[in-house]
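Trainee: I would like to learn how to read the packing of helices in a model, and then how to read the surroundings of a ligand. Could we go through both with the structure in view?

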Amino acid sequence: MNTFDAIIIGAGQAGPFLAGRLSAAGMTVALVERHLFGGTCVNTGCMPTKTLVASAYAAHLARRGADFGVLFDGPVRVDMPRVKARADTVSGNARASVEKRLRGLAGCTVLQGHARFEAHDRVRVGDQELTASRIFINVGGRALVPPMPGIAEVKYLTNTSMLALDQVPEHLVVVGGSYIGLEFAQMYRRFGAKVTVIEKSARLVPREDEDISAAISDILTAEGITVRTSAECITLAPHEQGVSAGVECTAGAPRVAGSHLLLAVGRRPNTDDLGLDQAGVEVDERGYVKVDDFLATNVPGIWALGDCNGRGAFTHTAYNDFEIVAANLLDGEQRRVSQRVPAYALYIDPPLGRVGLSEREARATGRPLLLGSRPMSRVGRAIEKDETRGLMKVVVDAETRKILGAAILGTGGDEAIHGILDIMNVGATYDRLERAVPIHPTVSELIPTMLSEMKPTAQ
Ligand SMILES: Cc1cc2nc3c(=O)[nH]c(=O)nc-3n(C[C@H](O)[C@H](O)[C@H](O)COP(=O)(O)OP(=O)(O)OC[C@H]3O[C@@H](n4cnc5c(N)ncnc54)[C@H](O)[C@@H]3O)c2cc1C
């Protein structure tokens, strides 16, 4: 039996940083990783996909060269092995750096293997037994593969296997019209594939407001992506071209045939093979570890951080989980998950930056609201870049004058949203931002203007 002060399971977006803080505080730490250092974000999530999105943007801009007075002779060609190699390099460098940092930590023992609880204070990794009075679960998640009719008969790809492709599919069928599916759909369209997106809801990214969904749909269809919504019952079957999907949509052909199928219908936590029952750790009906506001599980001495606790689904939320746990354990603070202002981005081009409540969620509170919006076609920076698709919108509590939420779907939207996120984080009223003097020409400079033009909503 190897005894440590702390065991960390998973080298994702929280574990390695926590290992750094705990070992710097003098604790002996065992960090266990079963697959790739850096977890989803580094290897099969944010980093490779955003690298591919950048290649896809370059292809798109090159095709649009003439719009800017820049002329090329001949068609734009995409060298997929080079595109893939670039993503592999970015991921590989980050993975190596996480591993090097971990192995260089004094007091931290790095173990490679699958960790499984044997008791509330005991974990087995292969033939090694580890014990500690503090155990941190940072096991992340993986692609959800639901038991759709026909799934066992067809070849399908997930976000992980998509990244191994070094060819452009002839026709990529994406099942799932939400965040992950749409990023892949647009990038592969720009690499030259025919792309169809199938979504069971009546609109793309149904979590967003209707005007945002509609604008996203316009952006994608303008690039030649076929969008099939209201696909109530999706069935899969082999086809001479590769695969076909049956889509009981209200409009359009009943089947879509394609060469490749990407399943992007959600994520599930890696908690089913962790022996949580041996430790007595409770999970919810979808397998997410139940945690309190301080990320503690129901078992004293066990915490859960990152995607596996269901309190966030992003790298920044997993990292913030680390900050919360470390501050509370080591700095005598009382930081809580509920203090976090929710924010995220959808990295289609132009991107969607989001913070706080959607308009629909804000209306559901029954509070008196002020609403402001502006199309990107009225944003100078967007006009100059000839990237005028999308809109920005903000919703404010009319009584407290605090911003409740915002969306910026447009060029630079992933960056510009931070102005609003920062004001929300400091808890200031909207007029502080309205009176700011932003830089010209930027997308951000129109945020004060939008705030000054807000109108009360009819409930
Ligand atoms: C295609 C895609 C694109 C994304 N893009 C973005 C983005 O742009 N921005 C963003 O913020 N988020 C993005 N995400 C989400 C982001 O990747 C995750 O939110 C983030 O990686 C979660 O970090 P984590 O530490 O919770 O888990 P992970 O990063 O998944 O790490 C968990 C680690 O635990 C290991 N592990 C699991 N079980 C065990 C076990 N029993 N024993 C030992 N080790 C184990 C795993 O091998 C893994 O290394 C994206 C995700 C996907 C799939």
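Trainee: How are α3 and α6 oriented to each other?

Mentor: Two packed helices are described by the angle between their axes and the distance between the axes. Here the axes of α3 (residues 46-63) and α6 (residues 179-191) come within 8 Å and cross at roughly 40 degrees, and α3 and α6 are therefore oblique to each other. Angles under 35 degrees count as roughly parallel, over 145 as roughly antiparallel, 65 to 115 as roughly perpendicular and the rest as oblique. The axes are lines fitted to C-alpha atoms, for helices over the stretch in contact, with angles from 0 to 180 degrees between N-to-C directions, and the helices themselves are DSSP runs (H or I, at least four residues) numbered from the N terminus.

This is a predicted model, in which local features need pLDDT of at least 70 and side-chain atom pairs count only at pLDDT 80 or more, whereas totals for chains, interfaces and linings use all residues. Residues are numbered from 1 along each chain as its sequence is written, and side-chain values use heavy atoms, with hydrogens and water left out.

Trainee: Which residues of α3 and α6 meet?

Mentor: Contact means heavy atoms within 4.5 Å. On the α3 side the residues include Leu 52, Val 53, Tyr 57 and Arg 63, and they meet residues of α6 that include Phe 184, Met 187 and Phe 191.

Trainee: At what angle do α3 and α4 pack?

Mentor: α3 and α4 (residues 80-103) pack at about 145 degrees, with their axes 9 Å apart. Among the residues making this contact are Met 47, Leu 52 and Ser 55 of α3 and Val 83, Arg 86 and Val 90 of α4.

Trainee: How is α1 placed relative to α9?

Mentor: α1 (residues 15-24) and α9 (residues 315-330) pack at an angle of about 20 degrees, with their axes 9 Å apart, and that makes α1 roughly parallel to α9. The contact involves, among others, Phe 17 and Leu 22 of α1 and Tyr 319 and Phe 322 of α9.

Trainee: How many residues surround the ligand, and which are the closest?

Mentor: A residue is near a molecule if one of its heavy atoms lies within 4 Å of it. In this model 38 residues surround the ligand, and the closest are Gln 13, Glu 33, Thr 40, Lys 50 and Asp 307.

Methods:
Helix = DSSP H or I, 4+ residues; strand = E, 2+ residues; numbered from the N terminus.
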